[in-house]
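Here are a few friendly notes to read alongside the model. Please keep the structure open as you go through them.

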Amino acid sequence: MSADTPRRIALLRHAKADWPEVSDHDRPLAERGRKDAPAVGLKLAETGIAFDLALCSTAARTRETWKLAVQELPHRPRTSYEERLYEASPGELVALLNETSDEVADLLVIGHNPGMHALADGLSGQAEGDTLARMTRSGFPTAALAVVSFTGSWKSLQLGAGTLVDFWTPKEH
């Protein structure tokens, strides 16, 4: 793939988590999260994007979200569990995305707020239709999904370089 290849990044915040007496990293999904995760999987399938790679935080709630969502996809992408997604800042997230191989055209990232929202907002120098207004209005609730497109190599990805092409939350379905 060349440096002018169109690419897409889907940013998924984990589904609603429970608050049992465990470390934050080990929190499982709540009942609502177990319902919302397959719904966001269906939304991912509806996008028609055949993801080449999924980067998933190592936290229990992100792994569980991915396990339930991926079952709805027609094509299971290669998955890499990445510790650096947990509690990552937008700058750390961009640095992680910059490490992606240029063989990857479409990437799915399953992570946490405030990082997912800040990254979706920060990458989106432009937006299609009302996507940015809807994302701003709703915040970035659990199981929210933003899809950002850009052209270029992963190493060249920087804040403002993309276009927000889709935004979805479980409350919209």
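Predicted model: local features only at pLDDT ≥ 70, side-chain atom pairs only at ≥ 80, totals over all residues.

1. Start with W66, which touches A54, C56, L73, P77, T79, Y81, L108 and I110, leaving aside residues up to four places away in sequence; contact means heavy atoms within 4.5 Å. W66 sits in helix α2, residues 60-70. Helices (H or I, at least four residues) and strands (E, at least two) are DSSP runs numbered from the N terminus.

2. W66 counts as buried because its relative accessibility is 0%; buried means under 20% relative accessible area, exposed over 50%, and partly exposed in between, with a 1.4 Å probe and protein chains only.

3. Residues are numbered from 1 along each chain as its sequence is written, and side-chain values use heavy atoms, with hydrogens and water left out.

4. Next, look at R7 in strand β1, residues 6-13. Is R7 buried or exposed? R7 counts as buried, because its relative accessibility is 1%. The side chain of R7 reaches the backbone oxygen of D102 at 3.3 Å.

5. Finally, find R13, H14, W19, R27 and R61, which lie nearest the centre of the largest pocket, among its 13 lining residues.

Note on methods. 1 Å grid on protein atoms, 1.4 Å probe; cavity = no way out; pocket = protein on both sides within 12 Å on 5 of 7 lines; lining within 4 Å. Polar contact = N/O pair within 3.5 Å; in protein donor to acceptor, adjacent residues only side chain to side chain.
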